[in-house]
Every structure is written in C-alpha cells, then in structure tokens.
Amino acid sequence: MGVVDMLQTAILHPKEFRALVTYKELKGELSHDMTLDPKVKIPLLVDFHKKLQEPGWTFTESGPNEKDRQLLVEFDKVIAEYQLLNEGCRYVIADICARMGAGMASYIELGDSPDGLTMGTFADYDLYCHFVAGLVGEGLSGLFSETHIEKPGIGLQLTLSNHMGLFLQKTNIIRDYAEDVSEGRSFWPKECWGANAIFKRQAEVQRGVIETKPGSGQYTWADTVEGKEARRILSGMLLDAVSHATMSLEYMILLRDQSVFNFCATPQVMAIATLALMFDNANVLKKNVKIRKSLAVRLILFAVNPRDVAYIFRDYARDIHRRLYVEDPNYVRWCVELGRIEQWCESKFPSYIMTAARKNKGDVRAYMFERWVLDNERAIREVRASRGEKVLQPTAAESLREQRSENKTMMLITFLMIVSITGFMASIALICWFIVWYYIYDETDPLSLLLYNIWTIGRQTWHDGGFSSNLVENFWTAKKVLDRAGDVVTWRMESLYSN
C-alpha cells in the first residue's frame with residue numbers, strides 16, 4: 001500500500017483505515033521470525049488469534065535484530081486498536097489470523113524436519129501461497145465489505161481474492177529465489193525443478209547460469225544441459241504466476257472506491273512488470289531483480305482505473321510474447337495464457353472504442369465503420385439529387401472528415417513555415433559568422449576548413465576503397481574521416497592562435 005493511498009484512505013475513511021492498519025500489522029509477524037524455536041513458535045501461531053482478546057499481551061522473546069520485534073514488544077497497543085473496531089471487522093481479522101496461524105504452523109513443523117521445507121507439487125505450492133497471501137486477500141476483501149467502503153458482495157469473492165494474493169506472492173517467491181537459497185529456504189515445487197531429475201535440490205538450479213564477464217554481476221544461461229533445464233524451470237514458474245493475472249483483473253473491475261482500487265491495483269501492476277522483467281532473465285537465479293524506481297512511479301500514476309490497469313497488463317503480456325522462444329517446452333501454454341490476458345482486455349475494454357475516440361485509423365474495424373457511414377450518406381444524397389429532390393447538406397460526420405483534412409493541411413503549412421524561418425535564421429547567422437571572421441582574421445574560417453578537409457579526406461578514402469557495402473563499417477569509416485578532418489582544423493586553429 002503506497003503512502004499516498006494510505007493517506008487517502010485515512011482521510012476518506014478514518015474508521016475503516018484503523019481496521020486495515022490493524023490487520024496489516026497482525027498478519028504473519030511471528031511466522032517471519034527465524035530466531036524462535038519451532039516448539040515455541042508453533043503454539044503461538046495456532047493460538048495467536050486468541051491473544052487478540054487478552055488486553056496487555058506482549059511478546060519479548062524475538063531476536064534483537066528481527067525487524068518486527070518492536071511491534072510484538074508493544075503489541076498491547078495493537079490489541080487496544082483491535083478492540084475499537086466493530087464486531088464485523090474483529091471477526092474477519094480473528095478468523096483470518098486463526099486460519100493463517102494454523103496453516104503457517106503446519107509448514108513450520110514441516111520445515112523443521114530433516115528434509116526441510118519442500119513443495120512437492122504445484123498444488124502444494126498453491127496451498128502454501130494461499131496460507132501466506134491468499135488469506136490476506138480474503139481478509140482485506142472482508143474488511144472492505146464490513147467497513148462499507150465496498151459493496152457487501154466483495155467480501156464473498158473468496159476465489160478472486162485468493163488469486164490476487166497468489167499473483168503477488170508467487171511473483172515475490174520467484175524474485176527472491178537467490179535470497180531464499182542463500183538462507184536455506186526452498187519454495188519452488190519439485191514438480192517443476194525436479195521433473196527431469198537433473199537437479200536434486202532447488203539450490204542446484206543456479207548451476208544453469210554463468211557470469212557474462214568476471215566481476216560484472218550479470219548472468220546468462222549456460223550452454224549446457226543444466227542451463228537449458230534452468231531456463232525451462234524459470235519459464236515454468238513465471239507461467240504459473242501469470243496464470244492468475246486475469247482473475248486479478250476480474251477482482252479489480254468489481255471495485256468502486258478509488259482509494260481501495262489504488263490500494264489493490266498498485267501492487268498488481270508492479271507484479272506484472274516484475275514478471276516481464278524476470279522472463280528469460282538469468283539474473284533471477286543469482287540476485288534480486290527489481291523494476292526501476294522511475295518505472296514504479298510511472299505505474300503508480302497510471303494505475304488509477306480498471307481500463308488503464310488492463311492496458312498495462314496487456315502491454316506487458318505483449319512484451320513477454322515478443323520474447324518467447326519456440327524451444328521452450330512451455331511455449332504453447334505461454335501463448336494461451338498471454339492470449340487470455342489479451343482476450344480479457346479486448347472483451348472488457350474494446351480497442352476500437354479507444355481508437356475511434358482518439359481519431360486513429362490504426363484499428364480496421366473503426367475505420368471500416370466510419371467509411372461505411374460516410375459512403376451510405378453520400379449514396380443517399382446522390383439518389384435524392386437524381387430524383388430532383390433537395391440535396392441534403394453535408395452531415396456532421398462528413399464535416400468532421402473535412403475538418404480533419406483542413407487540420408492536416410494547416411499542420412503541414414505550419415511545419416513548412418517553421419522550417420523556412422529556421423533555414424532563413426541559420427543563413428543569416430552563417431553570413432554574420434563569415435563577416436566577423438574575415439574582418440578579424442586573414443585565415444580561412446574553421447567551418448569552411450572543416451568542410452574542405454571532410455571532402456578531401458573522404459574522397460581520398462573513397463578512392464582507396466575505404467567504403468564498402470556494409471553500413472556498420474561505413475559508419476566507423478565516416479567517423480574516422482570526421483576525426484581526421486577535425487584534427488586538421490584543430491591544428492590550424494592552434495597555429496593561428498599561437499602566432
């Protein structure tokens with residue numbers, strides 16, 4: 001949630017904002033603490049929702065370097081805020097905390113086993129993401145409904161809310177691969193990385209990338225079996241994340257409050273941009289890949305309505321589609337998923353409507369419709385004229401077409417006038433240059449000298465066979481000619497000033 005969105009929500013819905021902040025403070029804090037012994041953490045997670053009913057309860061056993069330690073130390077303040085909420089909000093928060101605590105406790109218990117936490121199938125992966133993020137989406141939808149910011153039906157959209165959370169969580173898991181591997185965590189399903197038995201552990205997928213240059217910090221796919229397999233694995237993980245995109249769009253199109261829409265849309269557009277950046281990017285396996293801050297700001301500014309958000313998704317889907325490679329075993333599935341995004345955007349926000357609004361003939365349907373209307377009206381006038389009836393005046397559509405033609409003519413005339421005035425001023429400046437130079441010096445002016453040397457050296461290079469049919473080679477040859485001509489002029493000017 002961006003700062004602007006938080007302030008907007010706080011100002012427009014102060015009571016509801018308390019519920020959102022309280023809920024975001026509660027979710028997942030204990031589960032993130034890696035310093036606690038599982039025997040202590042698991043009972044706390046299972047019974048954590050009960051602590052909300054114990055005024056003054058705090059927890060001080062977290063590690064000193066845990067970023068959420070202070071929140072737990074002063075958790076009595078969170079409980080006090082929680083008690084100020086209405087009964088509906090308290091029920092939603094307690095219910096989600098109970099289900100999330102139980103789910104996270106089961107995974108912590110699994111992670112404490114000798115084999116560690118490992119996802120076997122994509123179904124296991126989806127269930128884990130549901131506990132850590134899907135429930136967050138369900139809880140937020142419930143709060144939007146209970147606080148009456150949104151329609152009551154939003155709280156019942158559990159499937160769409162779950163997809164919203166999974167889309168974000170899976171993007172983060174893929175992006176944080178290198179960090180998770182360094183800390184011994186394994187979230188990618190074995191069904192993906194162990195399908196061909198090339199890698200025995202998730203961490204071994206990193207063997208499939210090599211550094212482009214020593215010390216450059218940039219990586220590419222190794223030209224080995226491991227490299228091809230690592231490339232396939234990353235493609236499969238990204239494809240799984242993108243499969244939630246259209247459901248996320250379905251959820252956002254139901255929202256009516258601007259602050260809630262911004263709250264939900266901003267992380268979603270960040271996620272699709274991050275997925276596009278990570279596609280076929282070997283750096284993902286070695287370091288954290290993030291979009292530029294300038295791009296993040298641009299996405300925040302544009303993601304303010306369902307249509308623009310849909311077009312952002314569509315544009316990134318097209319960007320990924322342009323970079324697909326047919327050797328990828330997931331190629332067909334990628335085309336299907338990206339086509340679903342394109343189809344969803346076209347069905348909800350047809351491109352020909354925007355094309356017509358922008359008076360752009362790039363869309364065939366809009367152009368054909370306009371031509372049909374104009375031709376039909378022209379035919380009616382011709383028939384009436386042949387019958388001796390009064391000819392209709394030009395219609396609004398035809399007048400608009402004539403006006404467009406006149407506007408294009410005026411723009412062309414304006415452009416030619418600007419070019420002419422610019423050329424005239426440049427000529428005056430050149431004449432003044434010659435007058436001033438030859439009034440002061442008896443030597444040839446540097447501009448004429450430069451042009452003369454370019455001609456002389458270029459002609460000599462041409463006769464010597466320096467130019468060829470290769471455009472790239474001709475570019476560098478022309479650069480050398482310019483450099484040599486410039487050196488001659490520089491030497492002449494230095495000689496002139498030294499004398």
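This is a predicted model: local features need pLDDT of at least 70, side-chain atom pairs count only at pLDDT 80 or more; totals for chains, interfaces and linings use all residues.
Which residue does Arg175 meet in a salt bridge? The partner is Asp176, and the two side chains come to 3.2 Å, N to O. A salt bridge here is a side-chain nitrogen of Lys or Arg within 4 Å of a carboxyl oxygen of Asp or Glu.

Residues are numbered from 1 along each chain as its sequence is written, and side-chain values use heavy atoms, with hydrogens and water left out.

Let us return to the pair. Arg175 counts as partly exposed because its relative accessibility is 22%, whereas Asp176 is buried at 16%. The terms are set by relative accessible area: buried is under 20%, exposed is over 50%, and partly exposed lies in between, with a 1.4 Å probe and protein chains only.

By the salt-bridge rule, the count comes to 21. Side chains of opposite charge can pair when their charged atoms come close. One of these bridges joins Arg99 and Asp95 at 3.3 Å, N to O. Both residues belong to helix α7 (residues 87–111) and are four residues apart, about one turn of the helix. Helices are DSSP runs of H or I with at least four residues, strands are runs of E with at least two, and both are numbered from the N terminus. An α-helix has 3.6 residues a turn, so residues three or four places apart point the same way. Arg99 is partly exposed at 35%, and Asp95 is partly exposed at 27%.

Another bridge links Lys170 with Asp240, the closest N and O atoms being 2.8 Å apart. Lys170 lies in helix α9 and Asp240 in helix α12 (residues 225–242), so this pair ties together parts that are 70 residues apart in sequence. Both Lys170 and Asp240 are buried.

What of helix α9 itself? Of its 18 residues, 13 are buried, so α9 is largely enclosed by the rest of the structure.

Finally, I turn to an annotation. An unreviewed UniProt entry lists residues 411–440 as "transmembrane region"; its positions are given in the numbering used here, feature names are shortened, and annotations may be inferred rather than shown by experiment. In the model, that span is 100% helix and 0% strand, and its end C-alpha atoms lie 44 Å apart.
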